Amino acid sequence: MDDPTPIAHRPMPEVLSVMIADMMYRDPTTRKLFILGSFSAYAAREFPTVIRSLFVHIAVTRIHASVELDVRVVNAAETITLITGKGRLKVPDPRVVAEIEMQLPPLTVAEAGDYRIQIWSGSTLLTTRRLMVLERKAK
């Protein structure tokens, strides 16, 4: 059911969590989500490097009917968008905690450092999650 509240007066959705992982799988029967290889830092032997398998899981509440989420991976200065993803959540009640997982395209990283995973709704930045990319020293 659509929310009769005018869009301009609706509160923004609230992001409860953002998880980064190598792989995610949702069981079609139970709808349970399996998160494999969660991480907050990625170690590479050389640069540039490519993170080939990159998934994000986002838990959101205060959604009024539906919301489109944009995921952007940006450099630490937040001036260059490296990759993007989109998803839509529909809920019957704004008290529901809705979850979405997205597989992002391969991420090419030019150098070690901090990067940001941003979650947007329209032109509003809802939250940011740091992704550290480290240089793995040879043994």
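These exercises work through surface, pocket and backbone features of a predicted model.

**Exercise 1.** Which residues form the nonpolar patch on the surface, and which strands supply at least two residues each?

*Solution.* 
- Step 1. The patch consists of Met 23, Tyr 25, Phe 34 and Leu 36.
- Step 2. Together they have about 390 Å² of accessible area.
- Step 3. Strands E1 (14–26) and E2 (33–38) each contribute at least two of the patch residues.
- Step 4. Take Tyr 25, found in E1. Its relative accessibility is 42%, so Tyr 25 counts as partly exposed. That class lies between the cut-offs of 20% and 50%.

**Exercise 2.** Describe the second largest pocket: volume, lining by class, and strands.

*Solution.* 
- Step 1. The volume is about 160 Å³.
- Step 2. The lining has seven nonpolar, three polar and two charged residues. Among the lining residues are Asn 75, Ile 80, Glu 111 and Asp 114.
- Step 3. Strands E9 (107–109) and E10 (113–121) each supply at least two lining residues.
- Step 4. E10 gives the most, with three.

**Exercise 3.** Where does a cis peptide bond occur, and which residues other than glycine have a positive phi?

*Solution.* 
- Step 1. The cis bond joins Phe 47 and Pro 48, with omega about 0°. Pro 48 sits in the loop between E3 (41–44) and E4 (49–51).
- Step 2. Arg 62 has a positive phi near 60°. Its loop runs between E5 (54–61) and E6 (66–75). Arg 62 is partly exposed because its relative accessibility is 36%.
- Step 3. Glu 78 has a positive phi of about 60°. Glu 78 lies in the loop between E6 and E7 (81–90). At 39% relative accessibility, Glu 78 is partly exposed.

Notes: Residues numbered from 1 in each chain as written. Predicted model: local features only at pLDDT ≥ 70, side-chain atom pairs only at ≥ 80, totals over all residues. Heavy atoms only, no water. Patch = residues over 30% accessible without salt bridge, like charges linked within 9 Å, V, L, I, M, F, W, Y side chains within 5 Å. Areas by Shrake-Rupley, 256 points an atom, 1.4 Å probe, with all protein chains shown as cover. Salt bridge = Lys/Arg side-chain N within 4 Å of Asp/Glu carboxyl O. Helix = DSSP H or I, 4+ residues; strand = E, 2+ residues; numbered from the N terminus. Buried < 20%, exposed > 50% of the residue type's maximum accessible area, 1.4 Å probe, protein only. 1 Å grid on protein atoms, 1.4 Å probe; cavity = no way out; pocket = protein on both sides within 12 Å on 5 of 7 lines; lining within 4 Å. Points joined across faces, edges and corners; volume = space filled by probe spheres on them. Nonpolar A, V, L, I, M, F, W, Y, C, P; charged D, E, K, R; others polar.
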